[in-house]
Amino acid sequence: MARAFTPKVITANALLEGDAVWFTADDRWTPHMSEAEFITDEAHADLRLLEAQARQSEIAGAYLADAKEGPNGPEPTHFREEFRTRGPSNYAHGKQVDNASRT
Amino acid sequence: MYVYNDFDEAFVRERVAQFRGQVERRIDGSLTEDEFKPLRLMNGLYLQLHAYMLRVAVPYGTLNPSQMRQLAYIADRWDKGYGHFTTRQNIQYNWPKLDDVPDILEALADVGMHALQTSGNTIRNVTADHFAGASADEIEDPRPVAELLRQWSTDHPEFQFLPRKFKIAVSGSEHDRAVTRAHDIGVRMVRNAEGTPGYEIIVGGGLGRTPMVGKVLREFLPREELLAYCEAIVSVYNLLGRRDNKYKARIKITVHENGLETMQQLVEERFEAIRKGFTGFDQELLKSIEAAFAPPAYVRKSEDGYEAARLANPAFRAWSDTNLAAHKAPGYAIVSISIKKHGQTPGDATSDQMRVMADIAEQYGHGELRISHEQNVILPHVHKADLPAVYAALREADLATANIGLVSDIIACPGMDYCALATARSIPIAQEIATRFDELKIEHDIGELKIKISGCINACGHHHVGHIGILGLDRAGVENYQITLGGDGTETTTIGTRAGPGFSADDIVPAIERLVTGYLDLRQDADETFLQAYRRLGMEPFKAILYPAEDKANAA
């Protein structure tokens, strides 16, 4: 039996900066996972991934990542995806710098 | 040091120009990522978790001061003001932007450097003993041979699409500091019964998911046959190596599946077929390369200042006890600069620190620097009279940590803080272990102990050959750390043995502390190192310390 589909977001790396980005419902790439389209249907996920992957001049390496619904939008379920929302733990580099100034 | 000739210069510039065009075509959309990826990897450019990463080759770990300053300049201009020295003697930049990379490569070419073949299924940067040309126990400087191998392997038309990556290490001493037995080919300089120097050729070593200790393919190879023989090995592997399964594609599996004898037979046959093609030009080339690696003009002067400084300054004495190694020239020492200050990221140096090291090398070190596979920087030729001044300058730059070879001199791969392949983080574990043992103030008492940490089974952190190895894994969505014991990366290379169930990120540092303090109770005397005690006692007493009975239920 096929495994039950778990909710997903589409994520990739921005072409020029390499920074983690997520695909929104209105076809933008956002640096904030909370703004990503939260996908609960498998067929829709496959279709959206094809659309995301077609945007080759904006991103590299688009894939579906597991997510859960949080109070402010989609949140990661795995620590790897969580690290991608903030940056490395040894320096205040990457997204955590902007995240800090946003809150 | 070897300086690029016109051919090298033109070749590297041409490759930069090619890559510039490829980047432009990627950005304007004419190349997809699938098309671009092999092109960027040929130029050392990876895409990681948070950004691109550029891996720059430091051939056999040797740098001159102007190259080190250029690395600092690149860090400031195009990255975040630091660089990461790796276990393959390279430097990595963690934050370059795609459209800046051609300019970075151009800046590298300006000082005779490049990022070619630092990735992909090619012969990678040739590594060597970081004490090359300086060590008291050396038969011969391994760098001329390493440079010859670099020139031969760079853009070698037959070997650009090997079944998998291919790593060569060269050691020139009895004591193996280049981990030659954990490489696809290890070249060890030896002398035969007549006292003639030649090479012992080791093949099929490697760490990763299937760790193997390299096997001796040829006990004694005459010096002049090295290139033809290496070409024979890689050529046999190129045909025989498996391309159906990425995890079985390294030469260690080829040797394992076909047997050493078959490999020997095939290599010897191939060698006979091609050796006549090597008409001696390589040996002429080697002679000119050797001239470029002539020893520096050593000076003779009094060492009194050094002894006086040792007596007067306990901190200097502690540093000189741990961070110096025996040099072949009278009055000289090899200085290891620790890039492992307690609590810092192993192998990371700021641009300011790079410039200070370049200045010191220029003023006191005959203009030479080395990167070690243990992620430290070496000043291979410093006169003892200059050591107090060198120490003072290092201290000023926060580079005078006295911990070489001790528990806080940890090798750690970038792990999941940067690497897209990682299954767990390594850096924070290394930082916490070093900080903890610094608090306990027992690392000098513990003595020689090599802890090596990898954030996945690919083993960039060499955990299999750590006296204590730590492997970070993803266990059901949680970081989990396995401990191996008894590994050794020297001439007596041994793959460590797994101690038992892994530990959580919170429990791994206390487990290491328990293990190391437990060893202090087990050792015969202060001279018995952790590795010696492990070899004498075996796994059991260490296992009992790691997994006390009452904790057993929680340890899994």
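Modeller: Two strands count as paired if DSSP finds at least two bridges between them. Strands (E, at least two residues) and helices (H or I, at least four) are DSSP runs, numbered from the N terminus. Here, β17 (residues 451-454) and β18 (residues 468-475) of chain B are joined by four bridges and run parallel.

Colleague: What is the bridge partner of Ile451(B) in β18(B)?

Modeller: Ile468(B). This is a predicted model: local features need pLDDT of at least 70, side-chain atom pairs count only at pLDDT 80 or more, and totals for chains, interfaces and linings use all residues. Residues are numbered from 1 along each chain as its sequence is written, while chains are lettered from A and ligands numbered from 1 in the order in which they are written.

Colleague: What pLDDT does chain B average?

Modeller: Chain B averages 96, and 99% of its residues score at least 70. pLDDT is the predictor's confidence in each residue, from 0 to 100. For the complex, the predictor gives an ipTM of 0.96 and a pTM of 0.96.

Colleague: Back to β18(B). In which sense does β18(B) pair with β19 of chain B?

Modeller: Antiparallel, over eight bridges, with β19 covering residues 478-485. Leu471(B) has Gln482(B) as its bridge partner in β19(B).

Colleague: And how many residues sit between the strands of that hairpin?

Modeller: Two. Ala476(B), in the hairpin of β18(B) and β19(B), takes a positive phi near 55°.

Colleague: Now sheets. What is the strand order in the open sheet with β1 and β13 of chain B?

Modeller: β1-β2-β5-β4-β13, five strands with antiparallel pairing. The twist averages 30° from one strand to the next. Angles run from 0 to 180 degrees between N-to-C directions, and axes are lines fitted to C-alpha atoms, for helices over the stretch in contact.

Colleague: Why is one side of β1 and of β13 of chain B left without a neighbour?

Modeller: β1 (45-47) and β13 (348-350) stand at the edges of the sheet with a single partner strand each, so one side of each has no neighbour there. The partner of β13(B) in three antiparallel bridges is β4 (residues 82-85) of chain B. Gly83(B) bridges to Ala349(B) in β13(B).

Colleague: Which strands form the edges of the other open sheet, the one with β3 and β11 of chain B?

Modeller: Those two: β3 (62-63) and β11 (324-326) each pair on one side only. The order is β3-β14-β15-β12-β11, antiparallel again. Two bridges link β3(B) to β14 (residues 369-371) of chain B, and Thr62(B) partners Arg370(B).

Colleague: Which helix packs on that sheet?

Modeller: α12 (residues 351-364) of chain B, touching β12 (332-337), β14 and β15 (377-383). The direction of α12 makes about 25° with that of β15(B). Contact means C-beta atoms, placed from the backbone, within 7 Å.

Colleague: How many residues does each chain give to the contact between A and B?

Modeller: Chain A gives 22 and chain B gives 24. α2(A) gives the most to chain A's side, with four residues.

Colleague: Last topic: how is chain B divided into domains?

Modeller: Domain 1 is 6-60 + 82-109, domain 2 is 134-292, domain 3 is 304-396 and domain 4 is 411-555. These bounds come from an automatic or database domain assignment. The C-alpha centres of domains 1 and 2 of chain B lie 27 Å apart.

Terms used: Two residues are in contact if their C-beta atoms, placed from the backbone, lie within 7 Å.
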